[in-house]
Amino acid sequence: MDLTTFLIQCLNSVQYGLLLFLVASGLTLIFGIMGVINLAHGSFYMIGAYLAFSLSSLLGSLPLALLVGIVLAVAFGYVLEWVFFSYLYDREHLQQVLMTYGLILVFEELRSILVGDDVHGVAIPELLAGSIAIGNGMTYPVYRLFVSGVCLLLALGMYLLISKTRLGMMVRAGATNREMVQSLGINITLLYRVVFAVGVALAVFAGMIAAPVSSVYPGMGGQVLIICFVVVVIGGIGSIKGALIAALLIGFVDTFGKVLWQEGAGALVYVLMAAILLWRPAGLFKAG
């Protein structure tokens, strides 16, 4: 592997890892802070991809589709928590798993009815459709760099929101002791509803910006869900920083594994998870 190829694969690893983080950060917020095992989280990613396809076709612009999609995602997450997930907090984990698995079936059936079962593509905006020269006559797509940059900005925004703002302080306190936060006069119900809406919006947005790269197809949410749970477990349940580092680790292992050892690449991520859990059973970081 020459230096140029190595650099391109590093960029691919970072882009894939950051996209995973965007989905997994929403999952770790819901799972780590609210205590709900949400198997339907991958479906939000799928919904985002299909929203990108439908809205970009309707509006004629992917950037405009992204803006409309985020607003719809926040509203959808808020309503979904209100009418469904708010009843799961006091349930056993098995009931949460079964009920959220039922949501997967509902979303898949609705997707089939509304959009069909065909594979779709989403056009890259003309401004981001070019490539930059890397070396030795090789180029790298500008859109992939755009995806990495957006994910980095969102990661920084989440860090500042959770660690530096009053809302983040209330979220951290609510994750530690819900009853105490309620006794201080904070509306924990509204707080959880906002957190859930943000988690859904992150997954939907990840699906929307990934659609031009990965295409849009049935069942895409299930593949993302599994790897995102791996990210959450490796990083530490409830830790945003852990989710970021774990996602980047998985991005490098998966990308270089497919290049250097294609036959066994699918198992390398799970070998990594087993090795880290043997070393640190609670994951790399505790919830902060």
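Mentor: Start with a term: a residue is buried under 20% relative accessible area, exposed over 50%, and partly exposed in between (1.4 Å probe, protein chains only). The model is predicted, so local features need pLDDT of at least 70 and side-chain atom pairs pLDDT 80 or more, while totals for chains, interfaces and linings use all residues. Residues are numbered from 1 along each chain as its sequence is written, and side-chain values use heavy atoms, leaving out hydrogens and water.

Now to the pairs. The whole structure holds four salt bridges (a side-chain nitrogen of Lys or Arg within 4 Å of a carboxyl oxygen of Asp or Glu).

Take R193 and E81. Their side chains form a salt bridge, N to O at 2.6 Å. R193 sits in helix α8, residues 188–214, and E81 in helix α3, residues 62–83, so the bridge ties together parts 112 residues apart in sequence. Helices are DSSP runs of H or I, at least four residues, numbered from the N terminus; strands are runs of E, at least two. How accessible is R193, in relative terms? R193 counts as buried, with a value of 12%. E81 is buried too, its relative accessible area being 1%.

Stay with E81. Set aside its neighbours within four places in sequence. E81 then contacts M34, S86, Y89, Y192, R193 and F196 (contact means heavy atoms within 4.5 Å). Its bridge partner R193 is on that list. E81 and L39 are 42 residues apart in sequence, and their C-alpha atoms are 14 Å apart in space.

Next, E108 and R111. This salt bridge spans 2.6 Å from N to O. Both residues belong to helix α4, residues 93–114. They are three residues apart, so about one helical turn separates them. R111 counts as buried, at 9% relative accessibility.

Then D254 and K258. Their salt bridge has its closest N and O atoms 3.2 Å apart. The pair lies in helix α10, residues 240–260. Here the gap is four residues, so D254 and K258 are separated by about one helical turn. D254 is buried, with a relative accessible area of 11%. Some bridges share partners: E108, R111 and D117 are joined in this way into one network.

Move on from the end of α8. The loop between α8 and α9 holds S215. Most residues other than glycine have a negative phi. S215 counts as partly exposed, at 24% relative accessibility.

From α1, the residues are Y16, L20, V23, A24, L27, T28 and F31. From α9, they are V224, I227, C228, F229, V231 and V232.

Last, the record. The unreviewed UniProt entry annotates "transmembrane region" over residues 16–37, 68–89, 142–162, 190–212, 224–253 and 259–279. Positions use the numbering here, feature names are shortened, and annotations may be inferred rather than shown by experiment. In the model, residues 16–37 are 86% helix and 0% strand, with end C-alpha atoms 24 Å apart. Residues 259–279 are 81% helix and 0% strand. Their end C-alpha atoms lie 27 Å apart.
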